[in-house]
Amino acid sequence: MSAVRGARRKQIAAQKKLRLETAKEFVNTCWEVLGVLPDHYDCYLTCEEADAMEALLRVFGADEAADHVRDGHATDDECGERHHIPCDRCREGESK
């Protein structure tokens, strides 16, 4: 039984390592494209998608691309949404 558990742990560790290496390779290969998706591809991300993409880029050191994803998403977020940058419509609504 112990040998089976040991083999399963090794399998799980190998899967985690493969996933990490795959994610790292993805970021290293695509960070420039990921950072400009909102601007150049008319890509609208949900808040959850933007957060996930930003986190993935940051964990692998692509902070500039992560900032761009966050800022690009925030520009298209609507009033009241999590990342929205206050706009004139918000300010008018707040003042009423």
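Author: This is a predicted model.

Reader: Is glutamate 54 buried or exposed?

Author: The cut-off for buried is under 20% relative accessible area. Glutamate 54 has 14% relative accessibility, so it counts as buried. Beyond its neighbours within four places in sequence, glutamate 54 is in contact with Ala66, Val69 and Arg70.

Reader: Which residues of H2 are buried?

Author: Cys47, Ala50, Met53, Glu54 and Leu57 are the buried residues of H2. They cover an arc of only 135° around the axis, so they sit on the same side of H2. The face turned away from that buried side carries the exposed residues Glu48 and Val59.

Reader: How does the span of H2 agree with its number of residues?

Author: At 1.5 Å a residue, the 13 residues of H2 should span 18 Å, and the end C-alpha atoms are 18 Å apart, which agrees. After H2 comes glycine 61, with a positive phi near 85°.

Reader: What is in the largest nonpolar core?

Author: In soluble globular proteins, nonpolar side chains tend to be buried together. Here the largest nonpolar core has 10 residues, among them Leu34, Met53, Leu57 and Val69. Helices H1 (2-40), H2 (47-59) and H3 (63-76) are the elements that give two or more residues to this core. Leaving out residues up to four places away in sequence, leucine 34 touches Phe26, Met53, Leu57 and Val69.

How values were computed. Residues numbered from 1 in each chain as written. Predicted model: local features only at pLDDT ≥ 70, side-chain atom pairs only at ≥ 80, totals over all residues. Heavy atoms only, no water. Core = buried A, V, L, I, M, F, W, Y, C linked by side-chain atoms within 4.5 Å. Buried < 20%, exposed > 50% of the residue type's maximum accessible area, 1.4 Å probe, protein only. Helix = DSSP H or I, 4+ residues; strand = E, 2+ residues; numbered from the N terminus. Contact = heavy atoms within 4.5 Å. Expected span 1.5 Å × (residues − 1). Arc of directions from axis to C-beta.
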